[in-house]
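I opened the file and kept short notes as I went. Each entry records what I looked up.

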Amino acid sequence: MSEKSMQQKLTMGSDKFTLFDTPEFDDSHQRQCYEKQRLAAAFRVFSYYGFDEGLAGHISLRDCIDPETFWVNPVGMHFSLIKASDLVRVSHVGEIVEGARPINSAAFAIHSRIHATYPHINAVAHAHSVYGRAFAALGEKLAPISQDACMFYENHIMFSHFGGVVADTEEGEKIAQALDNNIAAVLQNHGLLTVGSSVDAAAANFVMLDSCCHSQLLAQAAGKLRCIDSETARKTRAMNASDLVTWGNFQPMYQAILARDDSFLK
Ligand SMILES: [Zn+2]
């Protein structure tokens, strides 16, 4: 597929109003530079939402030139400070091929297995967000209680096995196998994980998943949940969980981050 054939438009109503055009590139190096900037922006977005905490949390992006490698954040660097030039590229077998800083071993253990198992998944986001962590303690899947929650209906897993800090690829492999064709995982007693065909989609999916966990926690604390029926939930998911819409969800977040501080671009 050529770079240009990937361009799509996100429209509203009829095709009259184009909200965003996905980008097109003349060469793969230009695309790589752009995608690293989007990954750096995703960390700034995560910081804005308070998803960073200590050494935990990582977002990865498959390299568009060498797809057997992926970009990830250096461990111990606050998400609010990450620039494109700080990112580290690591191979699926654990060799750091670009970058001067170490990475989180759990980032490699989880993300490498997902990237290696699913060629269509280009980005993976994981963090120990407060609402995600609280919801993950219930050992339940998210219920289709809102239009937004429908994007995860029959589209996420509850991974109930917690075996301590993920330190080896064996545990990462279990998460990867369980993920199957879904876009998200609630990792019991741990946190949340989302994936996407782009880093924009994976990051926006994480923001939405954490927000849906928050909503369900509030609703469950207040009373009995009234769920959307299965057929309507599936129909809604077909609309709001598409690659293009989930990519589009990130664009307003990106605009806000860019306007606030564009140092992530360097
Ligand atoms: Zn974790």
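**Notes on loops, helices and confidence**

I began with Asp 180, which I found in the loop between helix 4 and strand 9 (184-187). For the names I used DSSP runs, numbered from the N terminus: helices are H or I with at least four residues, and strands are E with at least two. I noted that this is a predicted model, in which local features need pLDDT of at least 70, side-chain atom pairs count only at pLDDT 80 or more, and totals for chains, interfaces and linings use all residues. Residues are numbered from 1 along each chain as its sequence is written.

Is Asp 180 buried or exposed? I counted Asp 180 as exposed, because it has 10 C-beta neighbours inside 10 Å. The cut-offs are 20 or more other C-beta atoms within 10 Å for buried, 12 or fewer for exposed, and partly exposed in between, with C-beta atoms placed from the backbone. I read the phi of Asp 180 as near 50°, a positive value in a residue other than glycine. From Asp 180 to Leu 225 I noted 45 residues in sequence and 28 Å in space, C-alpha to C-alpha.

Next I looked up Asn 189, in the loop between strand 9 and strand 10. Its phi is near 60°, again positive in a residue other than glycine. Asn 189 counts as partly exposed, because it has 14 C-beta neighbours inside 10 Å.

**Confidence**

I looked up pLDDT, the predictor's confidence in each residue, from 0 to 100. The protein chain has a mean pLDDT of 93, and 93% of its residues reach 70 or more. Over residues 1-6 the pLDDT is below 50, and this stretch has 7 contacts in the model beyond near neighbours in sequence. Two residues are in contact if their C-beta atoms, placed from the backbone, lie within 7 Å. Where pLDDT is low, the predicted coordinates should not be read in detail.

**Helix 2**

I found 13 residues in helix 2 (residues 105-117), which reaches 18 Å from its first C-alpha to its last. That is close to the 18 Å expected at 1.5 Å a residue, where the expected span is 1.5 Å times one less than the number of residues. Helix 2 is largely enclosed by the rest of the structure, because 10 of its 13 residues are buried. Among them are Phe 108, Ile 110 and Ile 114. The partners of the buried residues include strand 3 (58-62), strand 7 (123-127) and helix 4 (169-179).

Two packed helices are described by the angle between their axes and the distance between the axes. The axes are lines fitted to C-alpha atoms, for helices over the stretch in contact, and angles run from 0 to 180 degrees between N-to-C directions.

I first took helix 1 (residues 28-48) with helix 5 (residues 199-222): their axes come within 9 Å and cross at roughly 10°. That makes helix 1 roughly parallel to helix 5. Angles under 35 degrees count as roughly parallel, over 145 as roughly antiparallel, 65 to 115 as roughly perpendicular and the rest as oblique.

I then took helix 1 with helix 7, which pack at about 90° with their axes 10 Å apart. Helix 1 is therefore roughly perpendicular to helix 7. Ala 41, Arg 44, Val 45 and Tyr 48 in helix 1 meet Met 253, Tyr 254 and Ile 257 in helix 7.

Last, I looked up Ile 257, in helix 7 (residues 243-260). Ile 257 is buried, with 20 other C-beta atoms within 10 Å. The C-alpha atoms of Ile 257 and Ala 41 are 7.0 Å apart, although 216 residues separate the two along the chain.
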